[in-house]
Every structure is written in C-alpha cells, then in structure tokens.
Amino acid sequence: MRPLALTRGPILSVNVRFSAAAAIACTARAWRYAFDSLIGDRISQKLEETVPLHAPYFLATDADFFALGLVLLLAVLLALGVPESAWVYRVFTGINLLVLSFIILSGFINGDLHNWKLTEQDYPLATAVFSYSLGPPGAGGFVPFDFEGVVQGAATCFYAFVGFAAIAARERGDLKPQRSISLISLLMCFLAYFAVSAVLTLMVPYYQIRHHSPLPEAFLHVGWGPARCVVAVGVLCALTSSLLGDMFPMSRLIGAMAEDGLLFRGLARVYGHTKIPVVAIMSSGSLAGIMALLFEFSHIANLMAVASLLAYSMVSFSVLVLRYQPGQNLSKSEKTEEETEMELVPVGSPLDSVPEAGTSNILKSLWLPTSTTPTRKSGQIVYGCAFLLVLLLSILSLVLAQWPRRVFSGDPALTTVAVLLLLLITGVTAIIWRQPQSPRPLTFRVPALPVLPLVSIFMNVYLMMQTTSETWALFGVWNAIGKLLSGIKRLLE
C-alpha cells in the first residue's frame, strides 16, 4: 500500500468524521447546559425524571432530547440555504466578539491574584460557604496538580484544535490555499482561549468553577449578578455560531469523502441551483444529534480529543514517509542507479553467499545510501523505520504516562527500559536522517525532518495515553461502527 493511502484510508476517514460529529455533539450539550443555567436547571431535572438511561457506564445519565432537537434544527437551517445560515452566523459571531471582550476586560478588573497563590488552608474555608463543584484541592498555587495535571488537561482540551482545523478547511476554495491560511486567525484563537482561561481562574478559585456553566456563574461569584445574564446570552450566541461553524465544513467534508469513494456515493448528491448537499448535511446532523442524545459531555470531549490526536499522528507519519519516497515516475538516472545496485549482486555466486551479499548491501544502505535522490529501496527503508519508531514511541509514551514518578525517581527497571527505548529511537531516527529526501519543489515543506514529525507523533501519542478507559471503550465502539459501515459499502458496490 502506498504511504499516501494512509491519509485517505478508511481509518483516518472514520476518525475525521466522528471527530467533527463529536465537536457538534459536545457544543450542543454545552448549549443546553448554558441555557439550563439561566432557567434554574429545570431541563436537567425534567430529563432525569422522564428519560433516565439505565445503561452502561459510558452513556449519559439521561437522554438529552433538547440537544438532539437543537442539532437537527440547525441542520435544517443549513439545508434551507447557505445565505440564511451565513447571515445568522455573522450576527451571532458579532455578539460573541462583543461579549468576549466584555468578559476579558471585566474579568481582569474583578480578578484576584490570590486565586493563583492558593494554599491548602483555603479549601476548607471555601467548603463552609460553597457546596457545588468542589473537586480535589490539589497542592494550591498556579499549577495545583503539577505537570501531570497540565498534561491531562491538555489531553482533554485538545478538542479546541478542531476549530483550528475548521479554519484551515474553509481555505479550500481560496486561489492560493497553501499561502492563504491566516496565521493571524490562529493566533487570535489562541489568545482568546488563553485570556478567557486566565480571567476565569482569577475570578473564581479553580476548585469552585462550575463545570457546566463556568463563565455566567463566575460573574455571580464576584457579585456581578446582572452581568451573568449578559454573559449567558453571549455564551449561547457563541455556541450557536460554533455549531453552525462546525456543521458547515463537516457536511462539505462528508461530501468530498463521498466523491472520493470513502463513503456512500449518495452522500455527495446536491440539489437545486444552490448545490446544497442536503443528504450530507442531514446525515451528519443526525449522527451528531445521536451522540449528543446518548453520551455524556466529558466523554464526547475526550472522544473528540482522541480522534483528533490520532488523525494528527497519522498526518505526521504520512509527512515523514512521503518526503523520503521517490516520485511516481522515476527519472532515467534513478532507474540506472537501481539497475546498477541490482547488478552488484553476483549472478553466478553460490547459494549460501547470496543472502550474505544481500544483507551486506541492505546494512550498508541504512547508513550510506547509494543515491542522492530517493529510490525504491530508500523509501522502503524509511517506511519500515517509521513503523518501528511509532511502535517504540508508543511504548515509551505508555511507560511515561503510567509510571512517570518511578521513571524520573530512578527506578532501576523502568529507567533502564526508558533509556533503552530512547537509544533505539535515536538510532532509528539517524537511519531515516541519512536517507535522501525528495527534491520536488513544494509551497510549504515541514522543516527539521525527521525530528519534527516524530516529536509531533510522540506528543500526540503521549496525550492519548492520558485518557480514561471509558473513552477508549467508546472510541472502540465508534470504530467498530465505522468498519461495519465500510463493509456494508463494499458489499453494495
């Protein structure tokens, strides 16, 4: 199988599709929580009384028909016409920016630096006043749960990069998509996440943050009761625009995958002079609505993070492999070099000497390739080494995620395993580094190969190791559904 097939295969297509669906489901659940906080949690109480789910542990406590209806309503809005939904999107985005600016400015005004310098004595004092959302206190201070807590939080919040991917997906119709992806937009997204997180933890101690409705309750905590309603309305507008922003590219993505043959061809069908993919919109909305109906918010967010991390890991792997592969049509010089390599093997030699000569040539080409441009042999070497590196990096990530303190405290067995893995990873990386890279001109070339893609793969796999067993069980269920649909598609074709 060609390396390029990894970026277009069924595994990655399932991950991308479910990652986008999980983003919509997660946002729909958050919309319900924000609206529910304005009316005194009446929706949650009613759902728990009428439609509780007595099912396995990875399902929600109640069936969220409110979130399902919200997703289907917005899907119908998109199916009716892009101009109408785009107008609503612009209005909600404008309100979102205004409220976001208000949150950041007023949050810094009402913030207290003491919330970043908490001690263990502050926790029992707060318990006597507040009775909701008090989790484990940690060690206090700016990083209360040390580096492990930061990594676990990063693994959970990695779903934020789904929004960054949506920005990149919208540049598909640009005249120069390789140069037109706005880094300023990505920087603004980062600053917005950073500023809101900072003001939230400055206004409210981290162990008193309301999980389902943090920002409106934060203003209630500092005594700005009227601002709570304004912020809640802004949050609803922001989540609505986020839903539209996620559903629009998802339907286009499903349509493009259907055109490529990765999904059912009927999903690419468009109707009317507006060329709206109604089938793709409604099918993606139904899938996201079912996820919002059945699964808990935290499980959906973790599932989305795992799917995104796996997709980015596969992209990094593909970038690493493709840069060392020969072109589709080998030049005459490359063909001559390969033929010369084949002629180096003596034809009339004894049978027992042929394996020795072949092994010698392979070992020599690992460090001293015979060509300055990629050949079929060098491409296969990089392909095999890349798979070996993924395996070694996964084992190292598992060791560091499960026993970090024992590794860094000098445990003889685990430290030896980690050092041996690092030595093997360094050696295999050096072999890839010695292989010739493709000289084909590209608009953008990933720098620092092969180190940068390997660092990306390691960080992604390490973050995936931080997720819970419930997330992996749910991820396995969705992959099984994806494989079942792929099998049905093959049978129908």
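Two residues are in contact when they have heavy atoms within 4.5 Å of each other. By this rule, 78% of the contacts in the protein chain between residues at least 6 apart in sequence join residues at least 24 apart. The model is a predicted one: local features need pLDDT of at least 70, side-chain atom pairs count only at pLDDT 80 or more, and totals for chains, interfaces and linings use all residues. Residues are numbered from 1 along each chain as its sequence is written, and side-chain values use heavy atoms, with hydrogens and water left out.

The protein chain holds 20 helices and zero strands. Helices (H or I, at least four residues) and strands (E, at least two) are DSSP runs, numbered from the N terminus. Of the 493 residues, 42% count as buried. Buried means under 20% relative accessible area, exposed means over 50%, and partly exposed lies in between (1.4 Å probe, protein chains only). The chain exposes about 26400 Å². Carbon and sulfur atoms supply 69% of that area. Accessible areas come from the Shrake-Rupley method with a 1.4 Å probe; for residues, only the protein chains shown count as cover.

Asp36 belongs to helix H1 (residues 10-38). Asp36 is buried, with a relative accessible area of 1%. Its side chain reaches the backbone nitrogen of Arg42 at 3.0 Å. Leaving aside residues up to four places away in sequence, Asp36 touches Asp41, Arg42, Ile43 and Ser44.

Helix H18 covers residues 412-434. Its 23 residues should span 33 Å at 1.5 Å a residue, and its end C-alpha atoms are 33 Å apart, which agrees. The expected span is 1.5 Å times one less than the number of residues. At the start of H18, a side-chain oxygen of Asp411 comes within 3.3 Å of the backbone nitrogen of Ala413. The buried residues of H18 include Leu414, Ala418, Leu421 and Ile425. An α-helix has 3.6 residues a turn, so residues three or four places apart point the same way.

Helix H19 (residues 451-464) has 14 residues. From first C-alpha to last, H19 reaches 20 Å, close to the 20 Å expected. Among its buried residues are Pro453, Leu454, Ile457 and Asn460.

Leu492 lies in helix H20 (residues 469-492). Leu492 is exposed, with a relative accessible area of 65%. With Val477, Ile481, Leu484, Leu485 and Ile488, Leu492 forms a nonpolar patch on the surface. Together these residues have about 510 Å² of accessible area. Like charges are joined within 9 Å, and nonpolar side chains (Val, Leu, Ile, Met, Phe, Trp, Tyr) within 5 Å.

Key: Patch = residues over 30% accessible without salt bridge, like charges linked within 9 Å, V, L, I, M, F, W, Y side chains within 5 Å. Salt bridge = Lys/Arg side-chain N within 4 Å of Asp/Glu carboxyl O. Polar contact = N/O pair within 3.5 Å; in protein donor to acceptor, adjacent residues only side chain to side chain.
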